Amino acid sequence: MKLLLLVTAFNSQTQAVYTRLQDKGHEVAVCFAISEAQMLEEIEAFNPEIILCPFLKAYLPPIIYETYPTYIFHPGPRGDRGASSLEYALQSQTKQWGLVVLRANSEYDGGNIYAEVGFKVRDTYKASLYRQEIVWASLEALESLFENIKNDTSVPQRMNPIHEKFTQAKRSIDWGVDNTQTIIDKIHLSDSLPGVLDEILGVPCYLYGVHREEKLGSDDSPKTILAKRDGAICLKTVDGAVWITHLKEVGSFKLPATYVLKEKLQGIKEERLPLIFDKSYETFYEVSMEKRDNVAYLCFGFHNGAMSTAQCIRLKYAVEYLKTQCEVLVLIGGMDFFSNGIHLNILEDSAKQGEDGWANINAMNDLVSAILYAEEVVTIASFGRNAGAGGVFMGLACDYVVGKEGVVLNPHYKTLGLSGSEYHTYTLPKRVGEKMSEKLLNDCLPLSVSRAKNIGMIDEVFAHDNYYEALHTFAKRKYDDDFIWDKQDYLEENREKIEALKEKELAVMHPEFWSKESAFHALRREFVYKLCPRATPKRLQSVGGDCHRTDENNNEEKLCMNTA
């Protein structure tokens, strides 16, 4: 079937639907909803049989849904109408929520429903609920949607009142009254968009990334900054304390809190944790480990999957330590992302962008080297969450790579004007061959873990349900003395060749960071500030399915630039 995705952004939900439809053999293109004229031009050029809108914030011109059967994915159950659905779900503390796919008509979220999926609501923040439950519900809805369209099987929408706008007045924190849980709830329902507008040390800013602090306390007044850690700040509440990891000055972009407040934090104590936190009490931490049988699971919950120089260094030390503590080391990543590579927001903020960019990619390479040359253990990358750019190639440095059904990978850098490193010119061709490697890097398209397995990029895909049990069963059986000896011999024989490939990667990347004419600077800025393009990128307008064929191995801010 010829399908068009009409969307506000090529975000996680759009990419999951896009790759699932391609996996099913459909011809798929994408159109960004930027202007009526542009939408009509691109839609007419593709001439779809059906239009799907997984993530659409704009009103549709009637000429579109009157000419083409158009279906809206709404992140709420039957009867829920209007924007801010997840905010209202979290505010009401409901335990059940859902997603519907409804036929677009003149009534806002009022068309007949052709698919609906329910789910339990986790105790989490809005973006996590969206990236996990809403995305998975979207994929589940596709299973019945086309059959129901074909048979014209639908149920009427319940025409409940449309949500009122969820304003900052509903989100705002009264630090002298609101207790710790209330503050967490308010930030959760605003994270990652638009954040909670507040003022910290005289700086008007939006708050993101909240964590309860169980040990730190004082007799200071609420909102006093008690400590800082790894870019976050700890603030006193009326009955405890919370960590805030990120701030965004009004009119700027999101950064670790200490980067925004800078010298205003002089004299604030750095409250350190062990390299690998044991999670023995509630606090803010980024790197932790769980051990089961002979397997160590390394978790690294870096915000939005971005990894700064300091974070790469800490994670490298964690890898080096854990190699002495287990037989099998599994890289898990964070709650919502495995990894998305280097930290673009910190580079945009830097006064020495070339120097700091170069430091970041070299720290990333040092981390990948620690994984690649882990000769004493079996290493496994668990793509249980989406990964992009250098985060994908960090995973490919492992001995084995597995993925969770529904996860999307973006194994490319080119859309940001970078050629990339992380040993990818060694790890990717080793798995998929030179021809397919080149195609993946140049086409700049997402692929599902299922397609990645088909082309030999990853080894196994486990079902969405019971994924971590399947992962553990896989991992605990992988240690083998013969495998370790063969691995040691192979790395010893090939180390010089592998390092030469990395040096070639860095030679190409050097001017991309240091040259003032480098496209990276402009493209990074567009990405960080979420600037919207004038038209849908050409790579998404065409079908792009060829990049998934088995060749050699047989095997809000505006969100338009978001690939996360």
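User: OK, where does Ser448 sit?

Analyst: Ser448 has its place in strand S21, residues 447-448. Keep in mind that this is a predicted model.

User: Is Ser448 buried or exposed?

Analyst: Buried. The relative accessible area of Ser448 is 7%, and the cut-off for buried is under 20%.

User: What does the side chain of Ser448 make a polar contact with?

Analyst: With the side chain of Asp23, at 2.6 Å. There's also a backbone atom to look at: the nitrogen of Arg451 is 3.1 Å from a polar atom of the Ser448 side chain.

User: And if I leave aside neighbours within four places in sequence, which residues is Ser448 in contact with?

Analyst: Thr19, Asp23 and Val407. Asp23 is the residue from the polar contact as well.

User: Good. Switching to the open sheet: what's the strand order?

Analyst: Six strands, running S13-S14-S15-S17-S19-S22, with mixed pairing.

User: Which strands stand at the edges?

Analyst: S13 (287-292) and S22 (460-462). Each has a single partner strand, so one side of each has no neighbour in the sheet. From one strand to the next, the twist averages 25°.

User: Remind me, what holds strands of a sheet together as pairs?

Analyst: Backbone hydrogen bonds, in either a parallel or an antiparallel arrangement.

User: So how do S15 and S17 run, and how many bridges join them?

Analyst: They run parallel, and four bridges join S15 (residues 328-333) to S17 (residues 378-383).

User: What about S17 and S19?

Analyst: Those two are also paired in the parallel sense, over four bridges. Ile380 has Tyr400 of S19 as its bridge partner.

User: And on to S22, how many bridges does S19 have there?

Analyst: Three, again in the parallel sense. Look for Val402, which stands opposite Glu460 in S22.

User: How many residues of S19 are buried?

Analyst: Five of the five. That covers residues 400-404, so S19 is largely enclosed by the rest of the structure.

User: Which way do the residues of S19 point?

Analyst: Tyr400, Val402 and Lys404 go one way, while Val401 and Gly403 go the other, and all are buried. In a regular strand, side chains alternate between the two faces of the sheet.

Note on methods:
Residues numbered from 1 in each chain as written. Predicted model: local features only at pLDDT ≥ 70, side-chain atom pairs only at ≥ 80, totals over all residues. Heavy atoms only, no water. Pairing = 2+ DSSP bridges. Axes fitted to C-alpha atoms, helices over the stretch in contact; angles between N-to-C directions. Buried < 20%, exposed > 50% of the residue type's maximum accessible area, 1.4 Å probe, protein only. Polar contact = N/O pair within 3.5 Å; in protein donor to acceptor, adjacent residues only side chain to side chain. Contact = heavy atoms within 4.5 Å.
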